[in-house]
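Please examine the structure shown below.

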There are 2 protein chains.
Amino acid sequence: MTGTQAGSGSGFAAPRGMRDFYPEDMLPRERIFGAWRAAARLYGFVPYDACVIETLDLLKRKAGEEIVEQIYAFTDKSGRSLALRPEMTPTLARMIAARQSSLALPLKWFAIAQCFRYERMSKGRRREHYQWNLDVVGEPSVGAELEVVAAAAHALRALGFADADFKVHFSSRALLADVMTRLDVPPERHAAAFLALDKRDKIGEDATRAMLGEAGLGAAASAALLGLFGGAALDDVAGFLRGDSDALAGLREFAGLGAAYGLGDALRFDLSVVRGLAYYTGIVFEAYDAARRFRAIFGGGRYDNLLGELGGQPATGVGLGFGDVVVAEIMAERPAGASAPAPAGTAIGYMEPDQRKAAMRLAARIRQSGEPADLALRPEKARAFFSRANRGCFARAAYVGPDDVAAGAVRVKDLSKGTESSERIEAG
Amino acid sequence: MTGTQAGSGSGFAAPRGMRDFYPEDMLPRERIFGAWRAAARLYGFVPYDACVIETLDLLKRKAGEEIVEQIYAFTDKSGRSLALRPEMTPTLARMIAARQSSLALPLKWFAIAQCFRYERMSKGRRREHYQWNLDVVGEPSVGAELEVVAAAAHALRALGFADADFKVHFSSRALLADVMTRLDVPPERHAAAFLALDKRDKIGEDATRAMLGEAGLGAAASAALLGLFGGAALDDVAGFLRGDSDALAGLREFAGLGAAYGLGDALRFDLSVVRGLAYYTGIVFEAYDAARRFRAIFGGGRYDNLLGELGGQPATGVGLGFGDVVVAEIMAERPAGASAPAPAGTAIGYMEPDQRKAAMRLAARIRQSGEPADLALRPEKARAFFSRANRGCFARAAYVGPDDVAAGAVRVKDLSKGTESSERIEAG
């Protein structure tokens, strides 16, 4: 886990469910954010951003029921209904819709967005997290899905995950609709059935069957459907459907090309992947640790109607969200996850006020060359300085005394090798 | 200006006063954030962060009156009084107070924090901005002030500012208190007088004199005080006080050491710098463009009582805030401010579905080597591909046709030099 849960210590505390990031908490966070940014650049995604506040209207449109319940909504001083965004996709769609005539599609955008939810708090649950968003808008082929999944897998590998450490479970809302149709469920009841299926892990089999019943599925239909959820292969579903559908062909193409993209063993067809958001229309996916001990590492899918429904021209889209919490929990279990940063930069100290200016000029010169320098804020004894400098944060140390200023040079110690060099200094 | 003001386009818009950052808006923003982060590292500051939401109680304590009026406050679903932070310093103080027994002082921390305000909107005004925060906690000497001002000046130079382009106006709340005492204003009325003086530019001379009158200054005292605001040197104030005070000695030391730190010509004593925040106790400063056509680029000062008043052990502190809006406005006026990024990475296209896997493998190999690659999401004609690739974003281009796959190699064009090299590819 990155970040420090609020509420410890005396005096004021952070609001409930919000994380503080102390410098030591920033190390894993910056490692994760750095891997996200690097993978996005390597895959040709360009950055965008928007404020954490959105209008409640935008966020309610097309979100799933559970998402709407958990929106962190509030009213501003002018009575406007606003919210801290639960996800970035509606914001992306709004931004693209506003400029659709001038943007060249397909486009590949990414953001690292803080997202919020408001639900009853259990111990250790958070109300905010950061989510890496990758979106491809305007590309109807599975090239879009492959690009976001491959970029996310690249980031996982950069964070130390081996290929065997994670699986990307994938399915398709369109395929699930084909299955529903085969079970004689009318299209207007598909959404209710999807909601029931998505909640299955939380509410259990019995409640799921009850919800499926409300959505119009008889006991036999529910049993047939849930039977396919227990590890059916693409060919099994083809058998159930008595032939390949367009959705099934798309999934076969996705899996086949994924192997060429280096994703072969990571991809696993799994009809039970549904996703909670109402706006998905095609392929959906969720990545888990191989042992499936944690929640999903990343997830996403195709949303081909969202842009049109939020006021833009119709355009296809594929999005992926990758949160900072689960991946950090998995990384924290490994020895490499706790590795400290390498010592860097030069610690500079001085004995008396008279050597301060010489030390300042040395610090300024080192920084001008692009190397970090930590200048002592006040005079100190050599023993105190070297005790500080030797704590493992610094690569070098230079201590300026009166003799050094007189000589016009100071010794710079390499703290790992124990060697010394000499740097010119100027008197005050 | 970085970011796009909300409200343009059809359909949904961003909430009033909030900025969207399209990819072209991210270029100046990333340049500014990059200069901030690099300068912080070079000067030995370590990162911290916290959620944008704070408890209203924390933010109201010790802020200035105007700040409290403009706090973006709201009530959450559980009835808690929260706010989107207007500044980062109370959060910093809260975090340090919670761990004061285990933190080694002095500490040097930095953050890039989104901050909010809520006021009546005039055209072009924003309700959010990003602010670089540099703080030194636990160091009573002017070494702390020098460190934050020198780091901020370093960032300005990295952003293309010459030494002659900006001035750091500095004064001291303690010196202003000395002047007040000399004018027989009792200590309990100093805060009210500071507030009047800080608002001078907004409310004008007459209203300032009226407010000073309410704070207990007679007409002659007000005239004497405002006379010193018009460019008095340190020696002039010393003359008025009939000798140097501790505050005056501190300012002389700050100015003298600043010269050794490469800040010499940039520092300008200016008694009229007061700052709006109530918690400052010592040296205060504000940086402006040399012609003073814009609002302050950065500002800050010493807050020696804040930590104790927010529940911690007493500890001295110095902070600096540097917003993203004013510096971007100044940079946008210069030709260099609009410079596009250098072309980078390899555009990869393919003629037919049969070459897709070969193109994918090439893209994966280039990315694995640490170079960006933009893989076409679908087959396209050579003409369309090179028209896209030649738009100035890419350094190289590779287009895979059936003959290339048969030959096992593809030509990679260097788009600036016009040269070609060859890359191995594998058939599907």
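In this predicted model, chain B is superposed on chain A by a rotation of 180° with 0.0 Å of shift along its axis, at an RMSD of 0.0 Å. This is therefore the relation of a two-fold axis. Copies are superposed by least squares on the C-alpha atoms of residues with pLDDT of at least 70 in both.

**Symmetry and interface**
- Among the residues of chain B, Phe74(B) comes closest to the rotation axis, with its C-alpha at 3.3 Å.
- The copies meet through the same surface, because 100% of the interface residues of chain B are also interface residues in chain A.

**Domains of chain A**
- Chain A is divided into domain 1 (23-50 + 85-337) and domain 2 (346-424), with bounds from an automatic or database domain assignment.
- The C-alpha centres of domain 1 of chain A and domain 2 of chain A are 52 Å apart.

**Helix packing in chain B**
- Helix α1 (residues 23-42) of chain B packs against helix α5 (residues 143-158) of chain B at an angle of about 140°, and their axes lie 9 Å apart.
- α1(B) is therefore oblique to α5(B); angles under 35 degrees count as roughly parallel, over 145 as roughly antiparallel, 65 to 115 as roughly perpendicular and the rest as oblique.
- Arg31(B), Ala35(B), Trp36(B), Ala39(B) and Leu42(B) of α1(B) make the contact (heavy atoms within 4.5 Å) with Ala151(B), His154(B), Ala155(B) and Ala158(B) of α5(B).

**Conventions**
- Residues are numbered from 1 along each chain as its sequence is written, and chains are lettered from A in the order in which they are written.
- Local features need pLDDT of at least 70, and side-chain atom pairs count only at pLDDT 80 or more, while side-chain values use heavy atoms.

Note on methods. Axes are lines fitted to C-alpha atoms, for helices over the stretch in contact, and angles run from 0 to 180 degrees between N-to-C directions. Helices (H or I, at least four residues) and strands (E, at least two) are DSSP runs, numbered from the N terminus.
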